[in-house]
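The following note sets out numbered points on the helix packing and on selected residues. It is intended to be read beside the sequence and the coordinates.

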Amino acid sequence: MRDVNLTDIYQHRIAQKYITRSGIAHAIAVAYHAFQLAKDQGEDVDSAVKAGFMHDIGHYTWYKNGKWDYGLYKQNDIHAIKGAERAHKLLIRLGENPIKAKEIALAILFHTDSFLPGGEVIRTPLQSIVKLADEKDEEPGGAHHYRELDNNRAMKSLQILDERIDEHLQKNDD
Ligand SMILES: [Fe+2]
């Protein structure tokens with residue numbers, strides 16, 4: 001039994017406000033990719049999926065005159081840092097195990113190199129999975145942030161993924 005499910009995260013007001021900002025369809029797609037990758041590599045599927053689902057929770061809206069300003073974003077963005085902290089706070093509030101909350105926060109912190117002044121990070125397998133899962137769902141021009149998915153379908157997809165995680169964990173327990 002896991003302490004926190006994906007649907008618990010999604011229903012919290014912090015997730016409603018910030019995950020939907022950068023696109024719920026993208027968040028769910030990355031979570032599904034993270035599940036498959038973690039399963040294939042024998043890594044912790046629950047942490048990989050949660051980090052994948054929340055990886056963009058730190059985004060800020062860099063708009064100018066009603067339009068996304070890529071220049072402003074490039075110059076000022078710290079979404080990986082903010083996201084790591086925001087996801088950690090949310091997980092702890094929901095009752096997540098603190099060791100797992102830290103692992104997920106670090107995977108969110110290192111899902112991109114965009115805020116680092118020139119260095120490549122040496123990632124753990126879990127951190128690499130989240131980065132790759134994100135890249136698998138990327139579309140040119142950031143279009144992956146704008147795909148739409150209504151609330152009911154989002155909930156349904158997350159319930160299915162929750163069930164798959166539980167099944168996988170049960171199987172590995174036997
Ligand atoms: Fe992303």
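1. Helix α7 (residues 98-109) packs on helix α8 (residues 125-136) at an angle of about 50°, and their axes are 8 Å apart. The model is a predicted one. The two helices α7 and α8 are therefore oblique to each other, and α7 passes α8 in a right-handed crossing. On the α7 side the contact is made by E103, L106 and A107, and on the α8 side by L126, Q127 and V130. By class, the residues of this contact are four nonpolar, one polar and one charged.

2. Helices α3 and α4 pack at an angle of about 155°, with their axes 7 Å apart. The pair α3 and α4 is therefore roughly antiparallel, since angles over 145 degrees count as such. The crossing in which α3 passes α4 is right-handed. From α3, the residues A27, I28, V30, A31, H33, A34, F35, L37, A38 and K39 meet V45, A48, V49, A51, G52 and F53 of α4. The contact of α3 with α4 comprises 13 nonpolar, two polar and one charged residues.

3. Helix α4 also meets α8: their axes come within 9 Å and cross at roughly 40°. Consequently α4 and α8 are oblique to each other, and their crossing is right-handed. Here S47, A48, A51 and G52 of α4 meet L126, I129, V130 and A133 of α8. Six nonpolar and two polar residues form the contact of α4 with α8, with no charged residues.

4. How much of α4 is buried? Ten of the ten residues of α4 are buried, so this helix is largely enclosed by the rest of the structure. The buried residues are V45, D46, S47, A48, V49, K50, A51, G52, F53 and M54. The elements that cover them include α1, α3, α6, α7, α8 and α9.

5. The largest nonpolar core has 43 residues, of which A31, A34, F35, A48, V49, A87 and I108 touch the most other members. Two or more residues of this core are given by each of α1 (6-11), α2, α3 (24-41), α4 (45-54), α6 (79-94), α7, α8 and α9 (151-173). The largest share comes from α3, with ten residues.

6. Leaving aside neighbours within four places in sequence, A34 is in contact with A48, V49, A51, G52, I129, V130 and A133. Of these partners, A48, V49, A51 and G52 are among the residues of α4 that meet α3, while I129, V130 and A133 are among the residues of α8 that meet α4.

7. V30 lies in helix α3. Is V30 buried or exposed? With 28 C-beta neighbours inside 10 Å, V30 counts as buried, because the cut-off for a buried residue is 20 or more. Apart from its neighbours within four places in sequence, V30 is in contact with G52, H55, A133, D134 and D137. V30 and L132 are 102 residues apart in sequence, yet their C-alpha atoms are 8.9 Å apart in space.

8. I14 is found in helix α2 (residues 13-18). I14 is partly exposed, having 16 other C-beta atoms within 10 Å; a residue counts as partly exposed when its number lies between the limits of 12 or fewer for exposed and 20 or more for buried. Outside the four places in sequence on either side, I14 is in contact with R86 and L90. I14 and S114 are 100 residues apart in sequence and 24 Å apart in space, C-alpha to C-alpha.

9. I78 has its place in the loop between α5 (70-76) and α6. With 14 other C-beta atoms within 10 Å, I78 is partly exposed. Between I78 and L149 there are 71 residues of separation in sequence and 26 Å in space, C-alpha to C-alpha.

Terms used:
Residues are numbered from 1 along each chain as its sequence is written. This is a predicted model: local features need pLDDT of at least 70, side-chain atom pairs count only at pLDDT 80 or more; totals for chains, interfaces and linings use all residues. Axes are lines fitted to C-alpha atoms, for helices over the stretch in contact, and angles run from 0 to 180 degrees between N-to-C directions. Helices (H or I, at least four residues) and strands (E, at least two) are DSSP runs, numbered from the N terminus. Angles under 35 degrees count as roughly parallel, over 145 as roughly antiparallel, 65 to 115 as roughly perpendicular and the rest as oblique. A crossing is left-handed if the near helix is turned anticlockwise from the far one by less than a right angle, and right-handed if clockwise. Two residues are in contact if their C-beta atoms, placed from the backbone, lie within 7 Å. Ala, Val, Leu, Ile, Met, Phe, Trp, Tyr, Cys and Pro count as nonpolar, Asp, Glu, Lys and Arg as charged, and the others, Gly among them, as polar. A nonpolar core is a set of buried Ala, Val, Leu, Ile, Met, Phe, Trp, Tyr and Cys residues joined through C-beta atoms within 7 Å.
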